[in-house]
Amino acid sequence: MHITLAPMEGVVDHLMRDMLTRIGGYDLCVTEFVRIVDQLLPPKVFYRLCPELKQQGLTSAGTPVRVQLLGQDPGYLAENAVRAVSLGSHGVDLNFGCPAKTVNKSKGGAVLLKETRSLYAIVSAVRSAVDKQHMVTAKMRLGFEDKALAIDNALALEAAGADLITVHARTKAEGYKPPAYWDWIARIREQVSVPVVANGEIWSRADALACQQQSLCEDIMLGRGALALPNLAQVIRGASPMGWDEVKVLLVNYSGYEIYGDKGRYYPNRIKQWLGYLKRQYSEAHQLFEQIRTLKTAGEILPCLTQR
Ligand SMILES: Cc1cc2nc3c(=O)[nH]c(=O)nc-3n(C[C@H](O)[C@H](O)[C@H](O)COP(=O)(O)O)c2cc1C
(Lines give C-alpha, C1' and ligand atoms only; values in the text may rest on other atoms or scores of the structure.)
Protein backbone atom coordinates (compact mmCIF):
# COMPACT_ATOMS: atom_id res chain seq x y z
CA MET A 1 0.00 0.00 0.00
CA HIS A 2 1.24 3.47 -0.93
CA ILE A 3 -0.04 6.44 1.05
CA THR A 4 0.16 9.94 -0.40
CA LEU A 5 -0.31 13.16 1.53
CA ALA A 6 -2.89 15.20 -0.39
CA PRO A 7 -2.29 18.65 -1.84
CA MET A 8 -4.18 21.22 0.26
CA GLU A 9 -3.82 24.83 -0.69
CA GLY A 10 -3.29 27.16 2.26
CA VAL A 11 -3.07 24.21 4.67
CA VAL A 12 -0.46 21.63 3.69
CA ASP A 13 2.58 23.80 3.04
CA HIS A 14 6.20 22.71 3.38
CA LEU A 15 6.08 23.13 7.17
CA MET A 16 3.10 20.80 7.49
CA ARG A 17 4.68 18.35 5.01
CA ASP A 18 7.85 18.39 7.05
CA MET A 19 6.02 17.67 10.28
CA LEU A 20 3.66 15.00 8.96
CA THR A 21 6.31 13.11 7.01
CA ARG A 22 8.56 13.10 10.09
CA ILE A 23 5.75 11.36 11.95
CA GLY A 24 5.87 8.98 9.02
CA GLY A 25 3.87 6.55 6.95
CA TYR A 26 3.78 8.66 3.78
CA ASP A 27 5.36 7.58 0.50
CA LEU A 28 4.79 10.83 -1.37
CA CYS A 29 3.56 14.40 -0.91
CA VAL A 30 1.88 16.54 -3.55
CA THR A 31 2.26 20.32 -3.26
CA GLU A 32 -0.42 22.98 -3.23
CA PHE A 33 -1.17 23.86 -6.85
CA VAL A 34 0.97 26.26 -8.87
CA ARG A 35 -1.38 28.22 -11.08
CA ILE A 36 -0.25 28.43 -14.69
CA VAL A 37 -1.81 31.07 -16.92
CA ASP A 38 0.28 32.43 -19.77
CA GLN A 39 3.95 32.22 -18.93
CA LEU A 40 6.83 30.04 -17.92
CA LEU A 41 7.17 30.85 -14.23
CA PRO A 42 10.57 31.73 -12.76
CA PRO A 43 12.24 29.15 -10.51
CA LYS A 44 11.61 31.32 -7.42
CA VAL A 45 7.87 30.65 -7.69
CA PHE A 46 8.50 26.91 -7.55
CA TYR A 47 10.98 27.26 -4.70
CA ARG A 48 8.55 29.38 -2.68
CA LEU A 49 5.81 26.77 -2.92
CA CYS A 50 8.12 23.81 -2.69
CA PRO A 51 11.36 24.66 -0.85
CA GLU A 52 12.07 20.92 -0.80
CA LEU A 53 13.27 21.36 -4.40
CA LYS A 54 16.47 22.73 -2.86
CA GLN A 55 17.00 19.38 -1.13
CA GLN A 56 16.50 16.97 -4.05
CA GLY A 57 12.73 17.31 -3.81
CA LEU A 58 12.66 15.51 -0.45
CA THR A 59 11.19 16.51 2.89
CA SER A 60 13.67 16.34 5.74
CA ALA A 61 12.35 12.86 6.53
CA GLY A 62 13.28 11.84 2.96
CA THR A 63 9.76 11.68 1.51
CA PRO A 64 9.58 12.68 -2.18
CA VAL A 65 7.51 15.71 -3.13
CA ARG A 66 5.67 16.20 -6.42
CA VAL A 67 4.73 19.66 -7.67
CA GLN A 68 1.12 20.09 -8.78
CA LEU A 69 0.17 22.41 -11.64
CA LEU A 70 -3.23 23.87 -12.39
CA GLY A 71 -4.24 25.59 -15.60
CA GLN A 72 -5.83 25.14 -18.99
CA ASP A 73 -3.14 25.96 -21.52
CA PRO A 74 -1.42 22.75 -22.68
CA GLY A 75 1.68 24.55 -23.97
CA TYR A 76 2.37 26.57 -20.83
CA LEU A 77 1.52 23.66 -18.58
CA ALA A 78 4.03 21.54 -20.51
CA GLU A 79 6.78 24.18 -20.25
CA ASN A 80 6.21 24.63 -16.54
CA ALA A 81 6.08 20.88 -15.97
CA VAL A 82 9.50 20.55 -17.60
CA ARG A 83 10.76 23.31 -15.33
CA ALA A 84 9.30 21.70 -12.20
CA VAL A 85 11.04 18.38 -12.85
CA SER A 86 14.27 20.08 -13.89
CA LEU A 87 14.26 21.85 -10.49
CA GLY A 88 13.92 18.50 -8.71
CA SER A 89 10.21 17.71 -8.47
CA HIS A 90 9.48 13.98 -8.33
CA GLY A 91 7.29 13.98 -11.41
CA VAL A 92 4.46 16.41 -11.89
CA ASP A 93 0.77 16.24 -10.96
CA LEU A 94 -2.04 17.97 -12.87
CA ASN A 95 -5.05 19.34 -11.00
CA PHE A 96 -8.47 18.56 -12.48
CA GLY A 97 -10.43 18.90 -9.29
CA CYS A 98 -10.14 22.36 -7.77
CA PRO A 99 -13.63 23.79 -7.16
CA ALA A 100 -12.60 27.43 -6.48
CA LYS A 101 -14.63 29.95 -8.48
CA THR A 102 -11.71 32.16 -9.47
CA VAL A 103 -9.80 29.16 -10.68
CA ASN A 104 -12.71 27.76 -12.66
CA LYS A 105 -13.49 31.11 -14.29
CA SER A 106 -10.08 31.06 -15.88
CA LYS A 107 -10.66 27.41 -16.75
CA GLY A 108 -8.43 25.42 -14.52
CA GLY A 109 -9.32 22.73 -12.03
CA ALA A 110 -12.67 20.97 -11.94
CA VAL A 111 -14.29 22.92 -14.78
CA LEU A 112 -12.06 21.02 -17.20
CA LEU A 113 -13.96 17.85 -16.25
CA LYS A 114 -16.71 19.10 -18.56
CA GLU A 115 -14.30 18.96 -21.49
CA THR A 116 -12.82 15.52 -21.94
CA ARG A 117 -10.87 16.76 -24.96
CA SER A 118 -9.15 19.48 -22.96
CA LEU A 119 -8.05 16.92 -20.38
CA TYR A 120 -6.61 14.84 -23.20
CA ALA A 121 -4.86 17.82 -24.80
CA ILE A 122 -3.28 18.96 -21.53
CA VAL A 123 -2.02 15.57 -20.41
CA SER A 124 -0.65 14.65 -23.83
CA ALA A 125 1.21 17.96 -24.14
CA VAL A 126 2.70 17.56 -20.67
CA ARG A 127 3.50 13.87 -21.13
CA SER A 128 5.31 14.45 -24.41
CA ALA A 129 7.32 17.37 -23.00
CA VAL A 130 8.46 15.72 -19.77
CA ASP A 131 11.20 13.12 -19.93
CA LYS A 132 9.76 9.58 -19.66
CA GLN A 133 11.69 8.82 -16.49
CA HIS A 134 9.48 11.31 -14.59
CA MET A 135 5.89 10.50 -13.75
CA VAL A 136 3.07 12.65 -15.07
CA THR A 137 0.03 12.08 -12.86
CA ALA A 138 -3.46 13.53 -12.80
CA LYS A 139 -5.90 14.22 -9.96
CA MET A 140 -9.57 14.29 -10.88
CA ARG A 141 -12.98 14.52 -9.26
CA LEU A 142 -15.87 12.37 -10.52
CA GLY A 143 -17.26 15.26 -12.52
CA PHE A 144 -18.40 18.86 -12.38
CA GLU A 145 -22.18 18.79 -11.88
CA ASP A 146 -22.70 15.05 -12.32
CA LYS A 147 -20.73 11.86 -12.81
CA ALA A 148 -21.70 11.21 -16.45
CA LEU A 149 -18.18 11.80 -17.77
CA ALA A 150 -16.25 10.16 -14.94
CA ILE A 151 -15.16 7.12 -16.89
CA ASP A 152 -14.63 8.93 -20.21
CA ASN A 153 -12.45 11.47 -18.44
CA ALA A 154 -10.33 8.80 -16.76
CA LEU A 155 -9.96 6.96 -20.08
CA ALA A 156 -8.88 10.21 -21.74
CA LEU A 157 -6.28 10.85 -19.03
CA GLU A 158 -4.93 7.35 -19.55
CA ALA A 159 -4.97 7.57 -23.35
CA ALA A 160 -3.08 10.86 -23.15
CA GLY A 161 -0.33 9.17 -21.16
CA ALA A 162 -1.03 9.83 -17.48
CA ASP A 163 1.07 7.37 -15.47
CA LEU A 164 -1.32 7.34 -12.52
CA ILE A 165 -4.72 8.80 -11.72
CA THR A 166 -5.87 9.92 -8.28
CA VAL A 167 -9.63 10.07 -7.93
CA HIS A 168 -11.28 12.30 -5.33
CA ALA A 169 -14.56 10.43 -5.23
CA ARG A 170 -16.99 13.34 -5.49
CA THR A 171 -18.12 15.83 -8.10
CA LYS A 172 -17.33 19.51 -7.87
CA ALA A 173 -21.01 20.08 -6.98
CA GLU A 174 -20.68 17.67 -4.05
CA GLY A 175 -17.87 19.80 -2.65
CA TYR A 176 -16.43 18.22 0.47
CA LYS A 177 -19.71 16.82 1.82
CA PRO A 178 -19.76 13.18 2.86
CA PRO A 179 -20.05 10.59 1.54
CA ALA A 180 -17.24 9.97 -0.91
CA TYR A 181 -18.40 7.57 -3.63
CA TRP A 182 -15.61 5.00 -3.36
CA ASP A 183 -17.59 2.55 -5.51
CA TRP A 184 -17.24 5.03 -8.39
CA ILE A 185 -13.46 4.76 -8.08
CA ALA A 186 -13.88 1.00 -8.62
CA ARG A 187 -15.81 1.66 -11.82
CA ILE A 188 -12.90 3.74 -13.07
CA ARG A 189 -10.37 1.24 -11.80
CA GLU A 190 -12.06 -1.49 -13.83
CA GLN A 191 -11.75 0.50 -17.05
CA VAL A 192 -8.18 1.80 -16.92
CA SER A 193 -4.95 -0.10 -16.62
CA VAL A 194 -2.76 2.61 -15.06
CA PRO A 195 -2.59 2.68 -11.25
CA VAL A 196 -5.50 4.45 -9.55
CA VAL A 197 -5.22 6.09 -6.12
CA ALA A 198 -8.38 6.43 -4.02
CA ASN A 199 -9.07 9.69 -2.21
CA GLY A 200 -11.84 11.19 -0.12
CA GLU A 201 -13.26 10.90 3.39
CA ILE A 202 -10.61 8.66 4.97
CA TRP A 203 -10.43 9.61 8.65
CA SER A 204 -9.51 6.30 10.31
CA ARG A 205 -8.04 2.85 9.72
CA ALA A 206 -11.56 1.47 9.30
CA ASP A 207 -12.30 4.08 6.63
CA ALA A 208 -9.07 3.21 4.83
CA LEU A 209 -9.96 -0.48 4.77
CA ALA A 210 -13.52 0.21 3.62
CA CYS A 211 -12.23 2.56 0.95
CA GLN A 212 -9.73 -0.01 -0.30
CA GLN A 213 -12.45 -2.65 -0.42
CA GLN A 214 -15.01 -0.51 -2.20
CA SER A 215 -12.65 1.27 -4.57
CA LEU A 216 -10.65 -1.86 -5.44
CA CYS A 217 -7.56 0.32 -4.96
CA GLU A 218 -4.61 -0.61 -2.82
CA ASP A 219 -3.18 2.91 -2.76
CA ILE A 220 -4.78 5.87 -1.02
CA MET A 221 -4.36 9.62 -0.58
CA LEU A 222 -5.13 11.35 2.73
CA GLY A 223 -6.24 14.98 2.99
CA ARG A 224 -8.20 16.45 5.91
CA GLY A 225 -7.87 13.20 7.87
CA ALA A 226 -4.09 13.68 7.96
CA LEU A 227 -4.57 16.98 9.79
CA ALA A 228 -7.27 15.68 12.13
CA LEU A 229 -5.10 12.75 13.25
CA PRO A 230 -1.44 13.63 12.69
CA ASN A 231 -0.29 9.99 12.65
CA LEU A 232 -3.19 8.73 10.50
CA ALA A 233 -0.86 7.17 7.90
CA GLN A 234 0.84 5.17 10.67
CA VAL A 235 -2.52 4.30 12.24
CA ILE A 236 -3.65 2.88 8.90
CA ARG A 237 -0.46 0.82 8.93
CA GLY A 238 -1.33 -0.55 12.41
CA ALA A 239 -0.09 2.01 14.99
CA SER A 240 -2.23 3.44 17.81
CA PRO A 241 -3.72 6.89 17.38
CA MET A 242 -1.57 9.66 18.82
CA GLY A 243 -2.60 10.97 22.25
CA TRP A 244 -3.46 14.63 22.92
CA ASP A 245 -0.22 15.20 24.86
CA GLU A 246 1.79 14.29 21.78
CA VAL A 247 -0.40 16.47 19.61
CA LYS A 248 0.26 19.40 21.93
CA VAL A 249 3.98 18.91 21.45
CA LEU A 250 3.40 19.05 17.70
CA LEU A 251 1.38 22.24 18.06
CA VAL A 252 4.24 23.85 19.96
CA ASN A 253 6.80 22.59 17.43
CA TYR A 254 4.64 23.86 14.59
CA SER A 255 4.56 27.21 16.32
CA GLY A 256 8.34 27.23 16.20
CA TYR A 257 8.37 26.42 12.52
CA GLU A 258 5.73 28.97 11.74
CA ILE A 259 7.15 31.80 13.76
CA TYR A 260 10.73 31.37 12.71
CA GLY A 261 9.90 30.33 9.15
CA ASP A 262 8.78 32.86 6.56
CA LYS A 263 5.14 32.56 7.55
CA GLY A 264 5.16 34.09 11.01
CA ARG A 265 2.43 36.57 10.23
CA TYR A 266 0.05 33.82 9.14
CA TYR A 267 0.64 31.87 12.30
CA PRO A 268 -2.51 32.70 14.32
CA ASN A 269 -4.75 31.73 11.41
CA ARG A 270 -2.78 28.62 10.58
CA ILE A 271 -2.88 27.28 14.10
CA LYS A 272 -6.63 27.97 14.37
CA GLN A 273 -7.21 26.29 11.03
CA TRP A 274 -5.27 23.22 12.14
CA LEU A 275 -7.11 23.10 15.48
CA GLY A 276 -10.31 23.21 13.44
CA TYR A 277 -9.29 19.88 11.89
CA LEU A 278 -7.99 18.44 15.18
CA LYS A 279 -11.40 19.09 16.78
CA ARG A 280 -12.72 16.16 14.80
CA GLN A 281 -10.50 13.70 16.69
CA TYR A 282 -9.71 15.38 20.01
CA SER A 283 -12.25 16.91 22.40
CA GLU A 284 -9.35 18.84 24.00
CA ALA A 285 -8.87 20.68 20.71
CA HIS A 286 -12.35 22.23 21.16
CA GLN A 287 -11.35 23.81 24.46
CA LEU A 288 -8.03 25.02 23.15
CA PHE A 289 -9.69 26.44 20.07
CA GLU A 290 -12.14 28.40 22.21
CA GLN A 291 -9.28 29.65 24.36
CA ILE A 292 -7.28 31.08 21.45
CA ARG A 293 -10.17 31.95 19.09
CA THR A 294 -9.94 35.68 19.63
CA LEU A 295 -6.17 35.91 20.14
CA LYS A 296 -4.25 37.62 17.39
CA THR A 297 -0.55 37.10 18.01
CA ALA A 298 1.79 34.18 18.49
CA GLY A 299 2.92 35.76 21.76
CA GLU A 300 -0.59 35.43 23.16
CA ILE A 301 -1.27 31.99 21.70
CA LEU A 302 1.92 30.14 22.64
CA PRO A 303 1.41 30.21 26.44
CA CYS A 304 -2.03 28.57 25.95
CA LEU A 305 -0.38 25.69 24.12
CA THR A 306 2.19 25.02 26.80
CA GLN A 307 0.00 25.31 29.90
CA ARG A 308 -1.11 22.05 31.50
C1 LIG B 1 -8.41 23.44 2.17
C2 LIG B 1 -8.25 22.48 1.02
C3 LIG B 1 -7.33 22.78 0.02
C4 LIG B 1 -7.17 21.90 -1.08
N5 LIG B 1 -6.24 22.20 -2.06
C6 LIG B 1 -6.05 21.33 -3.09
C7 LIG B 1 -5.04 21.56 -4.09
O8 LIG B 1 -4.29 22.56 -4.05
N9 LIG B 1 -4.93 20.67 -5.10
C10 LIG B 1 -5.74 19.55 -5.18
O11 LIG B 1 -5.60 18.76 -6.12
N12 LIG B 1 -6.66 19.30 -4.24
C13 LIG B 1 -6.83 20.15 -3.21
N14 LIG B 1 -7.75 19.84 -2.24
C15 LIG B 1 -8.47 18.56 -2.28
C16 LIG B 1 -7.73 17.49 -1.46
O17 LIG B 1 -6.47 17.20 -2.04
C18 LIG B 1 -8.55 16.18 -1.40
O19 LIG B 1 -8.75 15.72 -2.71
C20 LIG B 1 -9.89 16.37 -0.72
O21 LIG B 1 -9.78 17.14 0.47
C22 LIG B 1 -10.56 15.04 -0.39
O23 LIG B 1 -9.76 14.26 0.46
P24 LIG B 1 -10.05 14.18 2.06
O25 LIG B 1 -11.51 13.82 2.20
O26 LIG B 1 -9.09 13.14 2.54
O27 LIG B 1 -9.79 15.55 2.62
C28 LIG B 1 -7.94 20.71 -1.15
C29 LIG B 1 -8.85 20.42 -0.12
C30 LIG B 1 -9.01 21.27 0.95
C31 LIG B 1 -10.00 20.92 2.04
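**Notebook: around the ligand**

I began with the shell of residues around the ligand and sorted it by type: seven are nonpolar, six are polar and six are charged. A reminder to myself: this is a predicted model.

**Entry: the neighbours.** How many residues surround the ligand? I found 19. Pro 7, Gln 68, Asn 199, Glu 201 and Arg 224 are the closest.

**Entry: the pocket.** Next I looked up where the ligand sits, and it is in the largest pocket. I then checked which elements give two or more residues to the shell around the ligand, and noted β2 (28-35) and β6 (164-171).

Entry: At Glu 9, a polar backbone atom is 2.8 Å from a nitrogen atom of the ligand. At Glu 201, a backbone N or O atom lies 2.7 Å from a ligand oxygen atom. How much of the ligand does the protein bury? On its own the ligand exposes 610 Å², and the protein buries 90% of that.

**Entry: the UniProt record.** I opened the unreviewed UniProt entry and read its "binding site" list: Gln 68, Lys 139, His 168, Asn 199, Gly 200, Glu 201, Gly 223 and Arg 224.

**Entry: a closer look at Glu 201.** Where is Glu 201? I traced it to the loop between β7 (196-199) and α8 (205-215). Its phi is positive, about 65°, although Glu 201 is not a glycine.

**Entry: a cis bond.** My last stop was the peptide bond joining Pro 178 and Pro 179, which is cis, with omega about 0°. Pro 179 lies in the loop between β6 and α7 (182-191).

Terms used: Residues numbered from 1 in each chain as written. Predicted model: local features only at pLDDT ≥ 70, side-chain atom pairs only at ≥ 80, totals over all residues. Heavy atoms only, no water. Near = heavy atom within 4 Å. Polar contact = N/O pair within 3.5 Å; in protein donor to acceptor, adjacent residues only side chain to side chain. Areas by Shrake-Rupley, 256 points an atom, 1.4 Å probe, with all protein chains shown as cover. 1 Å grid on protein atoms, 1.4 Å probe; cavity = no way out; pocket = protein on both sides within 12 Å on 5 of 7 lines; lining within 4 Å. Sits in = over half its atoms within 2 Å of the grid points. Helix = DSSP H or I, 4+ residues; strand = E, 2+ residues; numbered from the N terminus. Nonpolar A, V, L, I, M, F, W, Y, C, P; charged D, E, K, R; others polar. UniProt positions renumbered as here; feature names shortened; annotations may be inferred.
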